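Subject: Structure handover

Hello,

Here is the structure I promised to pass on. Please open it first, then read my notes below.

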Amino acid sequence: MTPWSNENLSSCAYADPYADPYAAPEPHDSPWPTPAPIGDDLDYFLPPPNPAERLSRILAPRDERRLALNVALTAAGIPPMPEDRAVIDQLSALPADVSTVLQRWLRHAL
């Protein structure tokens with residue numbers, strides 16, 4: 001085993017964590033990349049949705065059951081496959097009680 005020595009630490013680059021990132025660094029002296037200009041934010045939060053701009057459409061009960069069944073399957077760790085679409089459509093055509101029971105079974109399967 002080789003003993004540890006701090007004699008070679010002078011070859012390591014040092015970065016001051018408290019340095020001002022917007023100060024003009026010496027081009028050859030800074031280990032940090034040049035920061036992006038303040039106005040060039042590529043990542044930003046979207047504004048909150050405006051309730052007045054929402055669509056005023058109501059889903060048909062069958063479509064609501066189909067979406068709820070897809071959500072319940074996905075939440076249970078069983079993501080629906082594309083070939084399952086026909087079966088999910090048939091299950092959503094059944095009465096609401098059947099859909100409620102299926103969702104309850106899937107929730108308890110977790």
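First, a term: helix axes are lines fitted to C-alpha atoms over the stretch in contact, and the angle between two of them runs from 0 to 180 degrees, taken between N-to-C directions. Keep in mind that this is a predicted model.

Start with helix α1 (residues 61-75) and helix α3 (residues 96-108). Their axes come within 9 Å and cross at roughly 10 degrees. Angles under 35 degrees count as roughly parallel, so α1 is roughly parallel to α3.

Which residues meet there? On the α1 side they are Arg65, Ala68, Leu69, Ala72 and Leu73. On the α3 side they are Ala96, Ser99, Leu102, Gln103 and Leu106. By type, the residues of this contact divide into seven nonpolar, two polar and one charged.

**Gln103**

Look at Gln103, which lies in α3. Is Gln103 buried or exposed? Its relative accessibility is 16%, so Gln103 counts as buried. Setting aside residues up to four places away in sequence, Gln103 touches Ala68, Leu69 and Ala72.

**The core**

The largest nonpolar core has five residues: Leu69, Ala72, Leu73, Ile88 and Leu106. Helix α1 gives the largest share of this core, three residues.

Ile88 is another core member to check. Apart from neighbours within four places in sequence, Ile88 is in contact with Arg66, Leu69, Asn70, Leu73 and Pro80.

For background, nonpolar side chains tend to be buried together in soluble globular proteins.

Best wishes

Notes
Residues numbered from 1 in each chain as written. Predicted model: local features only at pLDDT ≥ 70, side-chain atom pairs only at ≥ 80, totals over all residues. Heavy atoms only, no water. Core = buried A, V, L, I, M, F, W, Y, C linked by side-chain atoms within 4.5 Å. Buried < 20%, exposed > 50% of the residue type's maximum accessible area, 1.4 Å probe, protein only. Helix = DSSP H or I, 4+ residues; strand = E, 2+ residues; numbered from the N terminus. Contact = heavy atoms within 4.5 Å. Parallel < 35°, antiparallel > 145°, perpendicular 65-115°, else oblique. Nonpolar A, V, L, I, M, F, W, Y, C, P; charged D, E, K, R; others polar.
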